[in-house]
Amino acid sequence: MPTMHTHARFIARRNAVDQANSLRVRLVPLDPGPPPRSTAVEVDSQCDCGRGFDFAVEGTEMPILDLPLSFYLELTPLCNNRCPNCGNVFVERLDATWSLPPLSASEWSRILAKVAPHAYRLKITGGEPTLHPEFEDIMAEIDRLGVSFTLFTNARWHDPDRLCHLFQHLDGLDGLLVSLHGPEAPTHEAFTQVAGSFAETEANIRRAVAAGLPVSLSCIITRLNWDRVHDMLHQAYRLGAQSVVFNRHLGADAERLAAAPDELQVAIEVISALRASGAPVKLGNCVPQCFAPTGQAGCLAGLAFLTIDPWGRARPCNHATVICGDLRRQSLADVWNSPNLAAWRDFYPEPCRRCVAFATCRGGCKAQALASGQDIDPLAGTWNQPTIPRQRRLVFYEQARPIGCFERKPQRHGMLLLRGNRLAMLAHHTQPILDMLDGESTLQQIEQQHGMAGLELIADLYEQQLIELA
């Protein structure tokens, strides 16, 4: 893996970008009429974040969390679909490990004991995770530990009624993310390569929804469905699913199912427009901002989350082949601070480091760069060149009272704020401002005590949906 320089040489450029991208805040007296439902009178900004974690960082460099907050647990390599573009990289490697049985429930229990005290959430995946012979025992252990989790599944279940009953009684289950790659059978089954898989998946989605389970759809954008974004949204409505997560195709494409770059751009534009209108859709994985300026936060693999494969080995993400440790034999801290993971974190293409969008984009998908045998995401650097964003302005009522809607997690480098999928790393000196986000102190009082710096911090947190105003 190429080793890049540190970020220090780009601090001057990033400072200029930070200034151009900064929030300008103004307080106005409360109108004599009824209080407004929203205290944000004027917003001139763009934000379309929702893929995994959205990470707001104070300063010019990405801090490394003390330990990961989120974990992908790949329970088994087995799957009853035969997708030629499977996102789980171990499926195509077929190395000696593939012939070994996956970790047992007791072995997963020992690994979970290491990660659960630090886990903000888990994503249970595979292969098809429900095919693990001790799936129910593993789910019971996760639920006993009290960690929230999402199950990523193809919904082709051997005993769907039994599984739905199990899911209903898992307190930590946030929802099911079900793979559905088209609004009709031919489109979906061109990807799964299993006849009848579309009808089976649809039937079990309806069964899960009828059982009161929250279901979202996960759709890989292909050359067969890139122009069917609206149809996929309507399909979600018909099935009772809550949302659709669209993902660009990652990995090798021997079957040539991936959408062409211009097709992918059209699909992303439609997804962004729908999302801006309030539709329950989002782009799930990252694309370079020079390819499609979505404003979406870049990948946090190896920065905030970690993948654990069916044999206990750790990787930065489920699309990466880089092995950075073995949690059967090592502590989580040893894996998190391993040389391979440090090299992964520093793997950024030189052109991307010089880009004004680097702080948001962080170079696109590293796993796709490595899978393509390149030093850069294949979608990067050849399309629309990003420009420095215009300054944004927020106008707040001076008597509005901000309320912090986050959990605090102290870190060596500062204070980490968490709310759902949103993270923000703040310096320790912001603590007195955070203490005033109690719903009692007004913005005018905060300005009197902390000046414009306090208001700018509140504006940033407001845009990241980490505070609300009463």
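Glu136 and Arg162 form a salt bridge in which the closest N and O atoms are 2.7 Å apart. The pair links distant parts of the chain, since Glu136 lies in helix 4 (residues 135-145) and Arg162 in helix 5 (residues 160-168), 26 residues apart. The model described here is a predicted one, and the values that follow should be read with that in mind.

How exposed are the two partners? Glu136 has a relative accessibility of 30%, so it counts as partly exposed, and Arg162, at 48%, also counts as partly exposed. The limit for calling a residue exposed is over 50%, and Arg162 therefore stays in the partly exposed class with its 48%.

## Other salt bridges

The structure holds 16 salt bridges, and a few of them can be looked at one by one. In one of these, the side chains of Asp66 and Arg412 meet with a distance of 3.3 Å from N to O. This pair links distant parts of the chain, with Asp66 in the loop between strand 3 (54-57) and strand 4 (70-74) and Arg412 in the loop between strand 16 (407-411) and strand 17 (414-419), 346 residues apart. Asp66 counts as partly exposed because its relative accessibility is 21%, while Arg412 counts as exposed because its value is 56%.

Asp346 and Arg353 form a further salt bridge, where the closest N and O atoms are 3.1 Å apart. Asp346 is partly exposed, with a relative accessible area of 22%, whereas Arg353 is buried, with a relative accessible area of 2%.

## Helix 3 against helix 4

Helix 4, which holds Glu136, also meets helix 3 (residues 105-115), and the axes of these two helices come within 9 Å and cross at roughly 25 degrees. Angles under 35 degrees count as roughly parallel, and helix 3 is therefore roughly parallel to helix 4. The crossing of the two helices is right-handed.

On the side of helix 3, the contact is made by Ala105, Trp108, Ser109 and Leu112, and on the side of helix 4 by Asp137, Ile138, Glu141, Ile142 and Leu145. Sorted by class, the residues of this contact are six nonpolar, one polar and two charged.

## Helix 5 against helix 7

Helix 5, which holds Arg162, packs with helix 7 (residues 197-210) at an angle of about 35 degrees, and their axes are 10 Å apart. Helix 5 passes helix 7 in a right-handed crossing.

Which residues of the two helices meet? In helix 5 they are Pro160, Asp161 and Cys164, and in helix 7 they are Asn204, Arg207 and Ala208. By class, the contact of helix 5 with helix 7 divides into three nonpolar residues, one polar and two charged.

## A buried methionine

Met232 is found in helix 8 (residues 229-239). Its relative accessible area is 1%, and because buried means under 20%, Met232 counts as buried.

Leaving aside residues up to four places away in sequence, Met232 touches Leu180, Gly182, Pro183, Leu217, Cys219, Val244 and Phe246. The C-alpha atoms of Met232 and His181 are separated by 8.5 Å, although these two residues are 51 residues apart along the chain.

Methods:
Residues numbered from 1 in each chain as written. Predicted model: local features only at pLDDT ≥ 70, side-chain atom pairs only at ≥ 80, totals over all residues. Heavy atoms only, no water. Salt bridge = Lys/Arg side-chain N within 4 Å of Asp/Glu carboxyl O. Helix = DSSP H or I, 4+ residues; strand = E, 2+ residues; numbered from the N terminus. Buried < 20%, exposed > 50% of the residue type's maximum accessible area, 1.4 Å probe, protein only. Axes fitted to C-alpha atoms, helices over the stretch in contact; angles between N-to-C directions. Parallel < 35°, antiparallel > 145°, perpendicular 65-115°, else oblique. Left-handed = near helix turned anticlockwise from the far one by under 90°. Contact = heavy atoms within 4.5 Å. Nonpolar A, V, L, I, M, F, W, Y, C, P; charged D, E, K, R; others polar.
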